[in-house]
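Please read it alongside the sequence and the coordinates.

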Amino acid sequence: MATVLIGVDKSEASTRAVEFALERATAEDLQLVVAHVINWSPFSFNTNVENEERPARRKAEIAAADEQVIAPMVALVEAAGRKASSQIRHGHPSETLIDIAEEVGASHIVVGRTGDSGLREAIFGSVVMKLVHVSPLPVTVVP
Amino acid sequence: MDVVVDAFNAFSELLTSIVFFAPTVGGVKVPLIVVWLVVAGSFFTVWLGFMNLRGFKHAIDLVKGKYSDPDDAGEVTHFQALATAVSGTVGLGNIAGVAVAISLGGPGATLWMILAGFVGMSTKMAECTLGVKFRREHADGTVSGGPMFYLRDALALNGRGKLGKFLAACFAVCMIGGSLGGGNMFQSNQATAQIIEVTGGQDGALGGLAWLIGVIFAVLVGAVIIGGIKSIAKVTEKIVPFMAAVYVSACLIVIFSNFSSIPSAAGDIFTGAFTGPGIVGGAVGALLVGFQRAAFSNEAGLGSAAVAHSAVKTKEPATEGFVALLEPFIDTIVICTMTALTIVITGAWRDPDAPDIGGVKLTSRAFESVLPWFPVVLAIAVVMFAFSTMISWSYYGMKATAYLFGESKKTEVIFKVIFVIFTVIGSAAALGPVIDFSDSMIFLMGVFNIIGLYFLAKVIRTTISSYYARIQSGEIKEFADR
């Protein structure tokens with residue numbers, strides 16, 4: 001059974017991406033993996049206090065992502081009578097999505113066109129653009 | 001304010017005479033504390049089998065993340081721990097301290113500074129390995145460590161529990177003093193001097209307003225450490241590496257624009273290191289002042305770095321030891337040497353008034369000869385470095401306070417308020433007593449920390465060598481190869 005990876009965040013476009021993938025999954029009996037990447041760089045500069053609190057914050061970030069991002073998306077899938085596994089990871093968003101896709105053996109990545117990071121994305125370019133540029137797998141961008 | 005400053009000056013004088021007890025050997029005053037630090041560095045360099053050289057490439061690989069478990073993404077990386085520690089050490093010692101060394105010890109001090117940096121890599125490796133090995137992981141997931149923990153807990157395992165507790169407590173007291181002194185007052189003092197200097201000196205717009213600058217610093221520091229305004233800290237943490245890069249580039253510009261003087265400057269450094277013509281104390285004077293300023297700059301053996309490095313995510317404490325050896329390398333062998341070369345090559349150290357103006361002013365003058373606009377950039381760099389050092393040391397002081405008086409919001413806030421008050425005193429007091437006080441407290445940390453390191457030398461060596469053996473045998477592989 002082929003696997004489709006859906007990269008999601010809190011945005012409405014992400015919901016549409018899940019709905020799009022869900023439709024295909026139902027028609028073609030595909031496996032679904034919902035993934036969220038928490039933007040993080042191993043090469044950032046932090047204060048001592050930030051470093052000390054990091055393990056606790058990381059846990060909190062993952063719990064928040066699970067509750068606010070992954071759970072609603074998985075609920076959407078389950079409401080349609082299908083199942084989805086999920087992944088939450090820290091890292092560079094587009095690179096990490098590709099890593100996850102390779103790990104789960106996905107044949108296809110689906111993402112929403114606009115993320116939830118608003119202004120930052122408008123200035124520095126979007127995760128989706130980078131993903132489309134570098135992904136070794138087919139990427140579907142849902143408007 | 002005058003009463004406070006006078007009382008402080010008297011206390012500082014007393015403390016300095018004890019810490020910097022310097023018997024005269026062959027006509028030269030030899031501060032025992034400097035000998036203490038360099039002997040420790042040399043001991044650990046030999047004891048660990050020159051791991052500061054052999055392990056250098058592995059240290060770089062660790063920082064690049066080659067051995068980081070991808071499952072640990074989101075935790076504190078080796079790079080982040082190193083960057084945080086470096087931003088606490090790179091500061092005025094690299095700019096002002098080096099200028100003092102060259103103006104008092106001549107160009108020869110440079111070579112001894114580099115050597116002190118080299119052996120300092122071993123001390124740092126030793127203390128940071130222990131820092132991670134004996135750190136505390138709290139119930140809420142936060143981690144913190146430092147000499148007070150390894151002195152107490154590791155020595156207890158050795159059957160020296162009482163000694164461990166005593167050393168840990170003494171260390172913590174000195175770290176509080178060092179935090180208020182070298183980590184705070186010295187920084188605000190020199191940063192204030194720079195701001196006044198670039199705005200026209202004592203006759204300029206801010207002349208006589210040192211206390212006001214101190215208050216502004218105090219407000220900014222307070223906003224970060226008491227108010228928890230992370231954005232200020234974040235901006236500083238991002239600008240400091242950038243300023244360091246600008247600083248090193250400017251040094252290179254000055255050095256290469258005096259290209260033809262490079263051979264003679266190198267000659268001055270080598271001959272000065274061994275003969276020290278015309279310098280007080282000759283070659284030994286150059287050696288001592290070089291060692292002293294290098295130790296003050298890279299903090300190896302003092303134990304402060306062990307606090308900063310402890311936050312890293314790793315299963316192998318030795319890894320952070322390897323990473324930590326890069327700290328004196330970056331701080332002393334690269335940045336301090338750059339400053340020294342700039343001062344030597346431009347001939348600024350030959351100015352008759354060089355020993356009197358000392359500090360940042362001498363460095364500033366060396367830059368000015370090639371880049372007339374640079375003193376302003378230097379002043380900004382000094383202020384930024386000073387600020388980030390203050391933030392780092394406020395953390396060290398806070399951890400020491402928590403160790404002595406228990407972790408509570410109340411002790412934390414009391415310490416932070418005292419810290420901020422000392423920021424203002426630092427700006428208003430004259431440089432001499434401030435430098436003396438900060439040197440005294442900071443170097444005293446090294447006394448207690450290093451006694452502990454000697455007692456724990458076996459644990460340190462076993463931890464590092466067993467790890468390194470597993471790297472060499474291929475038992476521990478890079479993550480890409482697994």
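Contact here means heavy atoms within 4.5 Å. The model is predicted, so local features need pLDDT of at least 70 and side-chain atom pairs count only at pLDDT 80 or more, while totals for chains, interfaces and linings use all residues. Residues are numbered from 1 along each chain as its sequence is written, chains are lettered from A and ligands numbered from 1 in the order in which they are written, and side-chain values use heavy atoms, with hydrogens and water left out.

**Nonpolar cores**

- A nonpolar core is a set of buried Ala, Val, Leu, Ile, Met, Phe, Trp, Tyr and Cys residues joined through side-chain atoms within 4.5 Å; buried means under 20% relative accessible area, exposed over 50%, and partly exposed in between (1.4 Å probe, protein chains only).
- The largest nonpolar core has 146 residues, of which Y150(B), M175(B), F322(B), F443(B) and I460(B) touch the most other members.
- Helix α19 (residues 374-405) of chain B supplies the largest share of this core, 17 residues; helices (H or I, at least four residues) and strands (E, at least two) are DSSP runs, numbered from the N terminus.
- A second, separate core of 19 residues includes A21(A), V34(A), I70(A) and V110(A).
- Beyond its neighbours within four places in sequence, Y150(B) has contacts that include E127(B), F134(B), A306(B), N449(B) and L456(B).

**Cysteines**

- The whole structure has 0 disulfides over all chains, a disulfide being a pair of cysteine sulfur atoms within 2.5 Å.
- For C170(B), the nearest cysteine sulfur is that of C174(B), 6.8 Å away; C170(B) counts as buried because its relative accessibility is 17%.
- The closest cysteine sulfur to that of C336(B) is in C251(B), at 10 Å, too far for a bond; C336(B) is buried at 0% relative accessibility.

**Salt bridges**

- There are 20 salt bridges over all chains, each a side-chain nitrogen of Lys or Arg within 4 Å of a carboxyl oxygen of Asp or Glu.
- E103(A) and R89(A) form one of them, at 2.8 Å from N to O. This pair joins helix α3 (residues 93-103) to strand β3 (residues 84-91) of chain A, across 14 residues, and E103(A) is exposed at 54%.
- E316(B) and R470(B) form another, with their closest N and O atoms 2.8 Å apart. E316(B) is in the loop between α14 (304-309) and α15 (317-324) of chain B and R470(B) in helix α22 (residues 457-472), 154 residues apart.
- K57(B), D61(B) and K66(B) are linked in a salt-bridge network.
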